[in-house]
Amino acid sequence: PIVLEPSLVEGGGVAEIHEACQDIAQSIRERQPHLIILTTPHGLCSSRSTASVYLNSTASGTCTFKDQFYDYYVDATMDTESARHLLTFMQGRRCYADGIEAGGKEGSAPLCWSEAVPLHFLRDVLDSSR
């Protein structure tokens with residue numbers, strides 16, 4: 001999460017990573033994608049699968065890490081139909097994947113720092129999809 005505030009650290013390539021994240025976000029913006037798939041090894045996962053697909057219609061969370069960055073909040077709309085298609089596709093290819101629905105059908109999937117940080121750089125793209 002330190003890439004959110006590169007001024008907090010001198011050196012170590014943090015400023016360069018921050019700039020690269022901004023460049024990638026700009027590239028995604030220019031392409032105006034209909035769908036963004038985010039994958040991370042640090043998100044929610046069931047104990048019997050190697051991948052989980054969030055099936056909620058929304059997701060939200062903060063970039064909080066080690067009691068910092070709690071004021072960086074992300075709220076995203078999810079494409080449940082595409083998520084279900086992706087899950088079916090993965091399971092059909094014998095991938096150990098499960099669907100996760102947090103709080104039932106109307107609940108919001110919780111995002112932790114590993115998902116919220118990359119989405120933070122895309123917050124304007126996420127806002128425009130509503």
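**Close-up views of a predicted model**

**View 1. S60 and D75 in the sheet.** S60 stands opposite D75 in β3. The model is predicted: local features need pLDDT of at least 70, side-chain atom pairs count only at pLDDT 80 or more, and totals for chains, interfaces and linings use all residues. Residues are numbered from 1 along each chain as its sequence is written, and side-chain values use heavy atoms, with hydrogens and water left out. Strand β2 (residues 58-62) pairs with β3 in the antiparallel sense over five bridges. Strands (E, at least two residues) and helices (H or I, at least four) are DSSP runs numbered from the N terminus; two strands pair if DSSP finds at least two bridges between them.

View 2. Three strands make up an open sheet with mixed pairing, in the order β3-β2-β5. At its edges are β3 (73-77) and β5, each pairing on one side only. On average, neighbouring strands are turned by 20° against each other, direction ignored. Helix α3 packs on the sheet and touches β2, β3 and β5, its direction making about 95° with that of β5. Axes are lines fitted to C-alpha atoms, for helices over the stretch in contact, and angles run from 0 to 180 degrees between N-to-C directions.

View 3. Six of the eight residues of α3 are buried, namely S114, E115, A116, V117, L119 and H120. Buried means under 20% relative accessible area, with a 1.4 Å probe and protein chains only. The largest nonpolar core has 18 residues, of which L4, C63, L111, V117 and F121 touch the most other members. Such a core is a set of buried Ala, Val, Leu, Ile, Met, Phe, Trp, Tyr and Cys residues joined through side-chain atoms within 4.5 Å. β5 (108-111) and α3 (113-120) each supply at least two residues of this core, and α3 gives the largest share, three residues. Beyond its neighbours within four places in sequence, V117 is in contact (heavy atoms within 4.5 Å) with P1, V3, L4 and C63.

**View 4. The largest pocket.** The lining consists of 36 residues, and L35, I36, I37, L38 and M78 lie nearest the centre of the pocket. A pocket is an open set of points on a 1 Å grid over the protein atoms alone, where a 1.4 Å probe fits, with protein on both sides within 12 Å along at least five of seven lines; lining residues have an atom within 4 Å of a point. α2 gives the most to this lining, with five residues.

Definitions and conventions
Buried < 20%, exposed > 50% of the residue type's maximum accessible area, 1.4 Å probe, protein only.
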